Amino acid sequence: MRRLVSVVLLLVFIISLLTACWDAREIDEWSYVYIIGVDKGVGNALRFTFQLPSLKHEGAGAGGQLGATSQYTTSIDAPTMYAGVNIAESFTSRRLNYMHTKYIVISEDLAREGVERFINSMVRSRQIRRIAHIIIVKGKASKFVEEFKPLLTSAISKAQEGFMDMHLDTGLFINTSYQDFFRDLKTTYRMPAAPLAAFNDFSNYRTSGNPPEEFKSEGDYYAGELPRSGGNKFEFFGTALFNGDKMVGELNGDESRALLMLRGEFNRGSISIADPKDKELRITIDTKAQKKPDIKIDFHEGKPVVNVKIFLEGDIQNLQSLTEYESLEFKPVLEEVFEVYIKGIIDKTIDKCKNLNVDVFGFGEKAVMHFLTIQEWEEYNWLSRFKDAEVNTEVEFAIRRTGTLLKTNPTRYSEGEKK
Amino acid sequence: MIKEGKFGVYEAVCLVIIAICNKIFSTTPGYITRTIGTTGWYMTLISCTTAITFFALIYLLLKRFPGKNIVEIYDASLGRVVGFVFSFLLMVSFLSSVGIYSREFTEIMKTYALPATPPSVIIGALIFTASVAVFLGLETIARVAKLALFPALLGYFLILVFSSEYFELHNLFPILGYGLDKTVITGILRASAYDEVIILAVFAGSLQGAGHIKKAGFTSLLLSGFIISLGLLCFSLVFEYTNIQEITIVAYILTRSLKYGTFFQRLDPIFLLLWIITTTIYISILFYTTVSIYCKLFRLQDARPVAIPMAVLAVSVAIIPKDFSSVLSVYVEGIRTYGNITFFIMPVIALIIAVIRKKKGEPECAD
């Protein structure tokens with residue numbers, strides 16, 4: 001009898017398991033948000049824009065590509081993001097899920113007013129992943145979200161990662177995850193910074209005229225100003241600087257490279273300079289970080305003195321001149337000119353940030369090592385002292401390789417060798 | 001007296017390590033960082049040293065009364081009435097721990113993984129499993145602990161190794177945190193983090209004499225100190241103190257932050273699996289200990305009839321706190337603060353009184 005009762009109880013228990021989780025939701029009950037845009041609100045405090053996949057097969061069955069998806073966006077004025085999600089769910093057939101959101105795009109206007117009120121609260125949800133990227137966009141975030149339709153692929157998620165990974169190849173903008181941004185909002189060591197994005201109306205792309213006489217580097221532009229036509233309408237270029245939760249300035253592409261070098265996050269980039277012997281010609285070096293920068297901080301009568309040494313190396317990618325910079329005789333000349341050029345950009349970037357009193361470089365990370373207790377450190381208040389810091393920079397650069405050419409012979413003309 | 005079977009030093013060490021180290025997955029790292037700042041990783045070594053000192057005294061007590069468990073020793077040393085009070089308080093402490101830690105686990109699961117599941121389902125599942133463990137016996141729990149410890153440690157260390165990519169040395173500075181005095185005082189007070197080692201005294205009869213208890217106790221405390229300290233060190237190296245202070249479960253956020261390319265990321269399910277397994281064993285150990293002390297206290301021969309009523313009590317304790325904030329700041333902190341009294345100080349009082357009253361157990365005869 002006892003065995004029978006046990007078997008019946010066991011069966012009842014097992015049958016109850018067959019129902020699966022009563023609160024489980026199937027994947028087709030969710031709608032996964034790719035991008036969240038945040039603007040200043042009009043009808044309410046904030047405007048949230050969500051980009052979602054429609055998951056409708058476009059043209060499937062009629063020769064179309066099976067599985068191709070399109071995106072749609074929706075904007076909502078709401079007091080908070082979660083309230084906005086609720087509103088959005090009143091006109092969608094699926095629950096919004098932002099567990100796979102990779103971009104959180106904030107408009108510059110809102111960033112200049114302050115981002116704390118929603119950055120702080122968004123992370124309370126388990127669905128917001130701290131590996132999502134924070135992007136500051138010039139103009140409306142809603143427009144960016146609407147227009148974010150990468151041309152080279154229909155895989156939005158992969159494209160999102162791809163765009164951000166480009167900073168590793170160019171250094172012309174930085175990559176900031178939610179975790180980095182959130183951490184830097186609260187930390188006592190440094191200030192937050194985030195990549196800048198903007199729409200390019202291609203108005204800087206002139207179809208006639210002469211190039212500027214003065215050397216203009218490829219990074220001497222701000223987001224939205226690149227002289228180009230075609231391609232995606234948006235571009236990632238430069239860096240937004242924050243004092244606390246408020247955006248206070250921006251860096252161009254060159255300065256963003258300097259920021260990455262000082263942070264020890266610069267990977268590589270093709271950096272052009274004017275030929276030291278012929279200012280009309282250009283040299284491009286595929287520049288890489290040799291190792292992390294050496295940062296030493298001392299205090300002289302309470303004033304911080306920062307000594308930074310940047311280590312770079314590179315390969316010659318482009319050499320227009322006939323000067324044999326590949327040779328042992330001229331290589332040091334090019335190296336020295338390059339060092340001076342990089343040092344100039346770095347000093348300019350540091351001065352810019354000192355004027356804004358924002359240590360986005362993380363010098364505080366080294367300064368903190370001089371303090372024994374948190375009370376002493378917080379009382380010193382590094383973030384307010386950065387503007388008084390004396391920052392001495394030094395760049396060490398070495399050309400390692402010269403590409404597939406060891407020497408550049410002159411072009412021959414019927415008149416003979418061109419001098 | 002209930003028969004609890006025998007197990008070796010190895011199983012005992014696994015049992016104690018799981019019971020102690022499970023806290024690294026809880027709200028503890030955030031809390032201690034709020035109190036002491038950047039020094040959690042060496043504060044826990046101070047706690048561990050304090051716990052080792054207390055355990056040395058407990059060992060002396062157990063050695064004085066060979067073959068007896070802590071309940072019998074309280075009776076022998078303090079007399080039946082005071083001994084009963086001491087044992088009863090010990091049982092209440094374990095019962096409170098079962099309830100409060102179940103509730104803490106439930107609240108965290110609701111926050112991070114099962115937001116739509118009613119708390120009663122999670123608490124009920126935990127306590128049900130613990131009740132089944134009582135029916136299966138201590139030996140079973142010890143062997144499951146032995147089986148689970150290595151995969152759990154492997155997963156834990158893998159998470160720490162993967163997180164090394166994000167280590168920043170400066171996060172450990174200022175090296176004295178909110179002050180050395182605060183670190184030392186908090187370290188001593190939070191020796192309660194290691195108080196589960198007392199279960200060796202409760203199950204003294206299941207181990208092969210005082211020598212085995214000594215070996216199991218010191219080994220498990222040293223290993224637990226290493227595991228917890230290493231975890232706190234890694235958390236501090238990845239997150240700055242201002243960050244850790246805010247985070248509910250640091251280990252969970254750490255696993256969610258790991259990212260190696262587009263494929264190898266979002267490792268939180270691994271963490272959840274580890275955490276659920278170790279917590280289930282942890283709650284089972286605490287619940288079994290509660291039932292065992294109760295049976296020893298009232299000299300009951302069979303633990304099984306006690307399991308269900310005790311489970312009801314445990315669930316009742318678990319649903320007392322009004323909200324998550326009070327779970328953390330009132331109940332968990334209460335256990336941490338006053339745990340030292342029942343788990344460490346009372347056995348020391350028993351030792352002192354036994355010495356004063358010249359009470360001693362009979363030496364065990366060799367078979």
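**Notebook: a predicted two-chain model**

I began with the surface: chain A exposes about 20,700 Å², and carbon and sulfur atoms supply 52% of it. Accessible areas here come from the Shrake-Rupley method with a 1.4 Å probe, and for residues only the protein chains shown count as cover.

A word on the ground rules. This is a predicted model, where local features need pLDDT of at least 70 and side-chain atom pairs count only at pLDDT 80 or more, while totals for chains, interfaces and linings use all residues. Residues are numbered from 1 along each chain as its sequence is written, chains are lettered from A and ligands numbered from 1 in the order in which they are written, and side-chain values use heavy atoms, with hydrogens and water left out.

**Chain A overall**

I looked up the secondary structure and found 12 helices and 16 strands in chain A. These are DSSP runs numbered from the N terminus: helices are H or I with at least four residues, strands E with at least two. Of the 419 residues in chain A, 50% are buried. Buried means under 20% relative accessible area, exposed over 50%, and partly exposed in between (1.4 Å probe, protein chains only).

**Where the chains meet**

Next I turned to the contact (heavy atoms within 4.5 Å). It takes 31 residues from chain A and 33 residues from chain B. The area buried between chain A and chain B is about 2,900 Å², and carbon and sulfur atoms give 53% of that. On the chain A side, A:Arg126, A:Ile131 and A:Ile374 lose the most area to chain B, together 25% of what that side buries. Buried area is the accessible area (1.4 Å probe) that two parts lose on being put together, summed over both.

**Salt bridges**

I then checked salt bridges (a side-chain nitrogen of Lys or Arg within 4 Å of a carboxyl oxygen of Asp or Glu). The rule finds 4 across the interface of chain A and chain B. B:Glu240 and A:Arg190 form a salt bridge at 2.6 Å, N to O. Both residues also belong to a salt-bridge network with A:Asp180, A:Arg183, A:Asp184 and A:Glu365.
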